[in-house]
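Me: I would like to go through this model by question and answer, with each reply ending on the value or name that was asked for. Please take the strands and helices step by step.

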Amino acid sequence: MDVSQQSVVITGGASGLGAGAARLFVDKGARVAIFDRNLALAQQTADELGCLAVACDVADEASVMAALSKVTEINGPPRIFINCAGIDITGRIATRGGGPQPLEALSKQIAVNLTGTYNICRLGADLVRQLPRLASAEPSASTEQGVIVNVASAAGLDGPRGQTAYAATKAAVIGMTLPMARDLSAYGIRVVTIAPGVFNTPLAAAVLRGDPETAVGDVPFPKRAGRPAEFGQLALHICENPMLNGEVIRLDGGLRAT
Amino acid sequence: MEIKDQIAIVTGGASGLGAGTVRALAAKGAKVAVLDLNEALAKSIADEVGGIAVRVDVADTDSVAAAMATVKEKLGIARIVMNVAGIGIGRKITSRKGPHPLADFMRVINVNLTGTFDICRLASTDIATLEPVNADGERGVFVNVASIFAFDGPVGDTAYAAAKAGVAGMTLPMARDLANYGIRVMTIAPGFFDTPLARSEVGEAGVDKMVSLVPFPKRPGKPEEFAKMACHIVENSMLNGEVIRLDGAIRMSMML
Amino acid sequence: MNVQGQVALITGGASGLGAGAARILTKAGARCALLDRNLALAEELAAELGGIAIECDVVNGPAVEAAVDRVVEALGTPRILLNAAGIDVAIRTANKKAPHPLEEFERVIAVNLTGTFNVARIVAHRLTSAAVLNEDGERGVIINIASVVAQDGPIGQAAYAASKAGVQGLALPMARDLAPFGIRVVTIAPGMFETPLASGIPQAWIDSIIPTVPFPKRWGNPLEFGALVQQICENTMLNGEMIRIDGAVRLGA
């Protein structure tokens, strides 16, 4: 799908991977709306990039519905959704000194990473389903109507220590990629997931308690943190390449997390 | 790395996915060596894009060595290597006709798996002697071709599935072996694409059946879409050691 | 299938994982035929277990045909095939001095991948005309050995990983090919097991790898591998699947 002039929703777009993607999509002529819980930060990023900021709690149905209405009104109905909103609460499931990990560690991450992603996907797909069908040189059954890009994590595949709850939510995002692609194929909506490794983002800095650049010892090549622009580049390629569907793509410099 | 002005090798470049890749690399400003068993066809593609054609049988190590030497002499050391050459065979491991002939199995392994490895080992040795092209220390990138048959192989494709799973399996250790030299290794596992190989694998009647299994888009992939993915891999340095399915979400059932 | 009274053909059965499985299957009442390149070692174990030993190179078609004939003659049709013959080399794809020698790559592929396929196709063909064993219509089970290396791919293991990933890749289509005949195909991907094959691994690497095994933090015992083989034989619902047995280890580079 050509992204220029398309209305695009990027959740968690105020910073990190989402902001990286927003910049690339704006450069390509897309009308981007950044969804973020932190409206002040979202507005700041949006002003800088020349796009729209919308306050949104992705796990809340009413909040997402309201945000989607606002985007439709200002930018037109969105056909592309990049789900970058995510949180990471690290900690071992049980330790000798600390006892069991609090259950909210899991429930909070499920709310944002999994329920939030699912919520945007179901409401976004339902919106696209009701739009007038786009036409192309292709037969109707293979004419694209929308694209969803979800964000999992290398942690969801490799299961590093201290990441039981986070890995569970990201593995769930991986797990829903294929059935969602199958469900939405009838409506011409593709679903692809990116599983990033160590990237230079505020989230990674918080989790690693320091500069992500210092945590790349296990990365074969390139031995540095990924740049949000590189994430954005792959998200853009996914939108532009119609044969990519139902797939989880690692973007990690060959890292296998331990 | 940027593709412009780089030297690239595409095996199996005379037709199908390989030919699409040759055209895309040339359009982005690469000097392309088209390596193929079919020299006449390779020459016509090479002439079209201003590249060179070199005959190679990837299953024959002497032929591979000679072809690599020819590319080095005529264009220089290629930093971009795309291993697209491949063959298939449809035969059950045993049937009323008797057991699967071992020679046929080995031929499929030799072309798809050993041939890919052979090109990679020679190319990486040469690339390691070059200076990096950027601040990451990047020297080269390999794009190998597996297949969705490596993961959900249908009836009658044991040899092809084994060879392609081998290609997928060596992606990560090869990326790790070559990380010190700044050479990335990636694999694409295509689904059903409109190529002479795919058409011969499934037969003309199988084309509609295959397409019907694709969730979306409901059509064969186009070689230019494969080529677009391959070029993106070259350009995105964070992609390494990974196998990417490019298949419209198809998962094969037991029968073709 | 019930292992009791069955004939099991085990390639690479003289030592390591193959020997571990032979001991367990014998204890469960099977008669084992040990195929190995090392006849003396195979004979020693066969004598202990009351089985037979046959010298055989798994890559050689006629030799495997002849070996299977001998097994059928001496013990009966093997209903259980365990492809445990395997070799390893540790060489990087290329270094400044030289590329990975191609012959070494081909040797590993030949034994691990082509050898596995070779014995499987010949035994499977014999099984197609054997009587069914039970009301499921089961005729036999083929167990192949991949490796965690095929998925985790450490440095210097391109050849071994490719061969084992190949074994992994042929599992599903082989299971599908043979399903109409009631022959199951299951693959085991072992982690770090104490075997002669592993004795070729540099000590420094072993010292670094065992501490990374989450649990249990030790080498696997071939008898533990054998117990999984027995379970696969006995559980008819297991088919077309690959099972990691590795203490949850994921190998780093």
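This is a predicted model: local features need pLDDT of at least 70, side-chain atom pairs count only at pLDDT 80 or more; totals for chains, interfaces and linings use all residues.

Me: At about what angle does helix H3 of chain B run to S3(B)?
Reply: Helix H3 of chain B, made of residues 61-74, lies across S1, S2 and S3 of that chain. Helix H7 of chain B, residues 171-178, also packs on the sheet, where it touches strands S7, S8 and S9 of chain B and makes about 165 degrees with the direction of S8(B). For H3 of chain B, the angle to S3(B) is about 160 degrees.

Me: Which strands are the edge strands of the open sheet in chain B?
Reply: Seven strands of chain B form this open sheet with parallel pairing, and their order is S3-S2-S1-S4-S7-S8-S9. Neighbouring strands of the sheet are turned against each other by 20 degrees on average, direction ignored. An edge strand pairs on one side only, and in chain B this applies to strand S3 (52-55) and strand S9 (243-246).

Me: Which helix gives the most residues to the side of chain C that touches chain B?
Reply: The contact takes 45 residues from chain C and 45 residues from chain B. On the side of chain C that touches chain B, helix H4 (102-128) and helix H6 (158-178) of chain C each supply at least two residues. The helix that gives the most, with 16 residues, is H6(C).

Me: How many residues on the side of chain C that touches chain B are nonpolar?
Reply: Chain C brings 45 residues to its contact with chain B. On that side of chain C, 14 residues are polar and seven are charged, while the number of nonpolar residues is 24.

Me: Is C:Gln4 buried or exposed?
Reply: C:Gln4 lies in the segment before strand S1 (7-11) of chain C. Leaving aside neighbours within four places in sequence, C:Gln4 is in contact with C:Ala28 and C:Gly29. Because C:Gln4 has 9 other C-beta atoms within 10 Å, and 12 or fewer is the limit for this class, C:Gln4 is exposed.

Me: How far apart in space are C:Gln4 and C:Ala47, C-alpha to C-alpha?
Reply: In sequence, C:Gln4 and C:Ala47 are 43 residues apart. In space, the separation of C:Gln4 and C:Ala47, C-alpha to C-alpha, is 19 Å.

Me: What radius of gyration does chain C have?
Reply: The secondary structure of chain C comes to eight helices and seven strands, and buried residues make up 56% of its 253 residues. The C-alpha atoms of chain C fill a box of roughly 55 × 40 × 35 Å along the principal axes. A compact globule with 253 residues would have a radius of gyration near 18 Å, and the value for chain C, which agrees, is 18 Å.

Me: Which residue of S3(A) is the bridge partner of A:Ile34?
Reply: Strand S2 (residues 31-36) of chain A is mostly covered, with five of its six residues buried. S2(A) and strand S3 (residues 52-55) of chain A pair in the parallel sense over four bridges. The bridge partner of A:Ile34 in S3(A) is A:Ala53.

Me: Through which helix does the chain cross from S1(A) to S2(A)?
Reply: Strand S1 (residues 7-11) of chain A pairs with S2(A) in the parallel sense over five bridges, and A:Ser7 has A:Arg31 as its bridge partner in S2(A). The β-α-β crossover from S1(A) to S2(A) is right-handed, and the helix through which the chain passes is H1 (residues 16-27) of chain A.

Methods:
Residues are numbered from 1 along each chain as its sequence is written. Chains are lettered from A and ligands numbered from 1 in the order in which they are written. Two residues are in contact if their C-beta atoms, placed from the backbone, lie within 7 Å. Ala, Val, Leu, Ile, Met, Phe, Trp, Tyr, Cys and Pro count as nonpolar, Asp, Glu, Lys and Arg as charged, and the others, Gly among them, as polar. Two strands pair if DSSP finds at least two bridges between them. Axes are lines fitted to C-alpha atoms, for helices over the stretch in contact, and angles run from 0 to 180 degrees between N-to-C directions. A residue is buried if 20 or more other C-beta atoms lie within 10 Å of its own, exposed if 12 or fewer, and partly exposed in between; C-beta atoms are placed from the backbone. The radius of gyration is taken over C-alpha atoms; the globule rule is 2.2 Å times the number of residues to the power 0.38. A crossover is right-handed if, with the strands pointing away from the viewer, the path from the first strand over the helix to the second runs clockwise.
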